[in-house]
Each structure stands twice: as C-alpha cells, then as structure tokens.
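Here is a short report on one model.

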Amino acid sequence: MGAKKTSFAENKGDSEADRPKFISSQVESGRYFFGNMSPKTSREPRIVCAGSERCGSGYFLNRKSFGYYALEYIAEGEWELECGGRIFHLGPGSVFAYAPDTAFTLSLKSGAAALKYFLDFACRGGKKVLKDNSLEAGVPVALVQGAGALALFEQCVGCAGFETGPATEIGSHLLCALLGMIRENSRLTAGQLTASLKTFLRCRAYILENYARLGSVSEAARKCFVGEAYLCRLFKAHSAQTPLEFLTMLKMNHAADLIVRQNCSVKEAAAQVGYADPYHFSRLFKKTHALSPKNFALKILKQNAR
C-alpha cells in the first residue's frame, strides 16, 4: 500500500467543491499541509494541518466552533478580531490562538488582498498548553521576533513535501518551537527591552534573513555593526546557541530542503548555502542531521516509497 500524501494543491481557481470544508471560499490562493486529520490525542501537541492563505478584500470568518486547537498569524494587512465581546486590531506580526469551543470573527479591513497563516493541532489539555506558552484563546499578541515566527509557519506549510508520518513528526517539532518562541516573546515584552536585548534581536533577525549569504560569524558581526566577540556575548546572554551554532543550523536546514524537495546535488546545495567545499559541508550536515546528505536523502526517499 502506498504512503498517504500530505499535500493539497494550490487552490487558486478551484471550485468550492474541491476545497476542504474549513477552507474559506474567500481565499484567493493558498498552500496547505494536511497530515492525519483524525489523530489520537496525546499530552504533546501534534500538528494536524497548516496553511498559507491570500485572502480577498472583504474576507470575513465567523467561527462558532472548530475541531482542533489553532494558531493564526497575520503576515500582511490590517485585520479585526472580535472575541468574547472584545475587539482587537491586528497588523503584521500578530498571532492569536483559539480552542475548539472559541467563538470569534476575523475580518480583513485592508482594501487589498492580504496574507495570513494558520496551524491546527490536537492535544489533550490544549488550553493548559496555550496558557503554559503565554497564550489565551481569542486574545492576540504582537511578536517581537515576527520574522522568526513567519519562518516557522512557512516551514510547517512546507511539510507538504513529505509523507504523513515524517511530516507529522517534523511539523510537531516546528509547532513546539513556535510555541516556545511565543512564550519567550512574553518574557521579552514583560518589561522594557534592554539595549543589549534590542541589539541581540536585531542581530538575530539579520542572520535569520541573510544566513544563506553569510560566510562566517565575523561577517555577520560586521554586517550588524558589532564586534565578533560582542556578538558571541550577546548570544551567550540571550540564547541557548552560539552565533555559529545558530548560523550553521539555519544553513543545514535549508540545505536539507534543497536536497530533498528540490533534488539538488550535494555540491549545488553546499554552494547555495555558502560552502565552496562540499566535503566540509557534508561534515557539518552530518553533525547537524546525524546522516550524510546522501543518506539523509535516501532515508526520505525510502519513507516516501512505503
């Protein structure tokens, strides 16, 4: 028996009959990952589906109840959320959660189409999971590290490139990382940001957006107008990773995507993430993913062939 595919084709131009019931007909185009839609609940959050949706002008969602817990992220435009008699105005970088019994409306107030992301998950005791990660159903938060959250949502949608089993595992890890980022956001915004933390967030955001072009930590420091030693101290004070570990992780995750989903050779993937020496790249890849690039690709191909 073949493995179940997770992806759902871009729905631009599809008829309403082709769309899953909870995908609004007001979505102009979208990309989706659908995993196991009837998962066994566990204490750990398990991703069910995720999507990136370009919503048409006048988009309006009136949700009385839903089958899962969910996160929604605003990437573009101006929106209005009404929940529990309260009205919230949302802009890019806003995220909110809801539970199966959360009733709310969400409307796009911008004149043009705008982009949002969603992520649905199943979990026993999901409201406690939300609370433990500084979230309250129907109450939005503004993220300090919006670019990082956007990247995680995008990677969740990208799980459509894998089969259901590995996709669910990868997506659930990304979900936990996203919840951790939101929890950390609460700590960062609890008081005024220190000058040191502001500088760290600025440097981290630059690395996150430009990692493929950065050849070293010293180059990253120069681009961020700080000394290399100071950049290392910033990461030691505000992160569990060194700047080198962070930069390498981003490069190797991107390289894995290039090799598996875009069928790049090891040499091509190495070059695209800034390594002229494919042998050095392969050593770093194995250190990060516990497999050589070739064996990593073979493992995914075998999983997809089941």
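The text below takes the pocket, then the rings.

This is a predicted model, where local features need pLDDT of at least 70, side-chain atom pairs count only at pLDDT 80 or more, and totals for chains, interfaces and linings use all residues. Residues are numbered from 1 along each chain as its sequence is written, and side-chain values use heavy atoms, without hydrogens and water.

**Pocket.** The largest pocket has a volume of about 1600 Å³. A pocket is an open set of points on a 1 Å grid where a 1.4 Å probe fits, with protein on both sides within 12 Å along at least five of seven lines; lining residues have an atom within 4 Å of a point. Its lining counts 48 residues, with Leu152, Gln155, Leu174, Met249 and Asn253 nearest the centre of the pocket. H3 gives the largest share, 10 residues. The lining divides into 25 nonpolar, 15 polar and 8 charged residues.

**Rings.** The whole structure holds 16 aromatic pairs. Rings pair if their centres lie within 6.5 Å; planes under 30 degrees apart are stacked, over 60 edge-to-face, the rest tilted. Two of the pairs follow.

| Pair | Centre to centre | Between planes | Type |
|---|---|---|---|
| Phe66 and Tyr68 | 5.7 Å | 80° | edge-to-face |
| Phe96 and Phe104 | 5.7 Å | 75° | edge-to-face |

Phe66 is buried (under 20% relative accessible area), at 12%. Tyr68 is buried at 14%. Phe96 and Phe104 are buried too. Phe66, Tyr68, Phe96, Tyr98 and Phe104 form one aromatic cluster. Arg63 lies over the face of Phe66, 4.2 Å from the ring centre; the cut-offs are CZ of Arg within 6 Å of the centre and within 35 degrees of the ring normal.

How values were computed:
Grid points are joined across faces, edges and corners, and a volume is the space filled by probe spheres set on the points. Helices (H or I, at least four residues) and strands (E, at least two) are DSSP runs, numbered from the N terminus. Ala, Val, Leu, Ile, Met, Phe, Trp, Tyr, Cys and Pro count as nonpolar, Asp, Glu, Lys and Arg as charged, and the others, Gly among them, as polar. Rings of Phe, Tyr and Trp (its six-membered ring) pair if their centres lie within 6.5 Å; planes under 30 degrees apart count as stacked, over 60 as edge-to-face and the rest as tilted. Buried means under 20% relative accessible area, exposed over 50%, partly exposed in between (1.4 Å probe, protein chains only).
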